[in-house]
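Here is a quick tour for anyone meeting this structure for the very first time. Take a look at the sequence and the model, then read on.

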Amino acid sequence: MARLRLGYTKSRSGCLRCKQRRVKCDETRPSCRACLRHGIECSLSTQPNPESPAQSPAAASTPSPSSAPTPQLPSRKSRSRPINPKPAPKQQQQPPQPQQPFPQQQQLPLLPPPPPPGPLPQHGSDIPVPSPAASALSANSPSASASPDPFPYLTKFVTGPPEEDTTNWVLDLEVLHHFTTSTYSTFMIDTRTAVNALWQMEVPRQAFAHIFLLHLILAVGSYHLGYLHPESRQTYVLRASQHLNAGIRRMRVALSDLSAANCHALFASSSMLFIGSLAALSVNRPNEGPTVDDLVDVLILVKGIGSVLDSAQDILRTGPLSELFIRRGGTGECNLALERVRLAVSDFLVEIAEIEPDARVRAMIHAETYRMVTVIRDALCLSPVAEYRVVAAWPIQMSDELIPLLRQRNQAALALLSYYCVVFHAAELQGYWFMQGWSAGVIRDILRTTEGPWKRHSAWALGWITGHATMG
């Protein structure tokens, strides 16, 4: 006995798109869920509802234009087979009929029509892709049938809201490539291969785990490109300032939660921030020299971050950036600029007692002058890049009391800062692009403020910087 085949439910009145894709249609009107999800017009919105009351004979005899292309498929009951079918009687062969042309039926295109010609997207721009939610809303709107989604095959791959700040990702890749091939070698002009490899490989590797460092790397790289390409300086400087701001905001959060996991990235970020803050004025305003207040802002920055990282010195000296803490011997060559500044500052120590009437100020300036002499002596003995070391080390070791005196344009404090400008200029001559113009701009600002016997100190510093220093 033959086994009965169980019946099953199959859609026979689904939309044309689901039939073309050979998927089951849920027959929801006026638009099935598949068409609604893909944001296209569903043919069910134009087909008559089979569950609605029967139409009048007149209406049935005259099909509407929208319902004419839809073929009526036989129901399942009309095509069910009997269990024991009988052979059908032979039909008489009919004479051949003249071939009739097939009626034109509406066909759905496999791909949507190409978009109208227009301008190509600009360098670094994103191609707009409608989100699924927007497509669903547009399908139910009155104008959905007039302007369907021209790219339905792209919509299904959009899995979330559009990302922000992605318009310049190509520029960021260019900057990151430039940093790892060129900029890294300009930080500390050192012959040690291991130190250069840290800035080229290890620091970017740390940046991928700590986004604040990545922002600062991109900021410094953008400033360097702006320095090298004046014709495109505005574009690079704008992008650099955006990354600098983002890096500082994220760095503030990380500094409040200093740990063994992020202290290495924060140490590298402090160097990047020091370079970026100098480059911001050196590159962005090449014709406007920095002022005393600009330099004081940088000194506060270096001192503040240095004091926070001081608690992690032991971890830093044994971590992935430990090579930066290894002190090497000096070059052994006579450093004319630093030696001359050390001698001049030593003479300045003697004059402070005779010129400065305020005992508190006199004691504080005396201590800061002696601290600068100590930093210069250590740099000459322990570092192959002595000028850079003095510029970066003295702000970390200076007293907090010196900052308000510089803000108030105290004469003794400004005279001491004049000697620091000479060291700054000596480092600038070594090729540090981010220091360009700083020493000359600050010393001129000091000269506009100092007077009396203090003026000769800033005048001597300006003469040395401009190349007309007198020995004596």
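Let's start with a helix that is well tucked away: 21 of the 22 residues of α10 are buried, so the rest of the structure largely encloses this helix. Keep in mind that the model is a predicted one. Helix α10 covers residues 263-284, and at 1.5 Å a residue its 22 residues should span 32 Å; the end C-alpha atoms sit 30 Å apart, which agrees.

Now for the rings. The count of aromatic pairs comes to 15. Here are two of them, side by side.

| Pair | Centre to centre | Angle between planes | Kind |
|---|---|---|---|
| F348 and Y419 | 5.8 Å | 50° | tilted |
| Y388 and Y432 | 5.0 Å | 40° | tilted |

What does the pair of F348 and Y419 tie together? F348 belongs to helix α13 (residues 336-355) and Y419 to helix α17 (residues 411-429), so this pair connects parts 71 residues apart in sequence. F348 is buried, at a relative accessible area of 0%, and Y419 counts as buried too, at 4% relative accessibility.

As for the other pair, Y388 lies in helix α15 (residues 386-397) while Y432 is in the loop between α17 and α18 (438-447), so parts 44 residues apart in sequence are tied together. Both Y388 and Y432 are buried. These two also belong to a cluster linked by ring pairs, together with Y227, F274, W433 and F434.

Finally, there's a record to mention. In an unreviewed entry, UniProt lists residues 14-44 as "domain: Zn(2)-C6 fungal-type". In the model, the end C-alpha atoms of residues 14-44 lie 7 Å apart, and the span is 39% helix and 0% strand.

Technical notes. Residues are numbered from 1 along each chain as its sequence is written. This is a predicted model: local features need pLDDT of at least 70, side-chain atom pairs count only at pLDDT 80 or more; totals for chains, interfaces and linings use all residues. Side-chain values use heavy atoms; hydrogens and water are left out. UniProt positions are given in the numbering used here, feature names are shortened, and annotations may be inferred rather than shown by experiment. Helices (H or I, at least four residues) and strands (E, at least two) are DSSP runs, numbered from the N terminus. The expected span of a helix is 1.5 Å times one less than its number of residues. Buried means under 20% relative accessible area, exposed over 50%, partly exposed in between (1.4 Å probe, protein chains only). Rings of Phe, Tyr and Trp (its six-membered ring) pair if their centres lie within 6.5 Å; planes under 30 degrees apart count as stacked, over 60 as edge-to-face and the rest as tilted.
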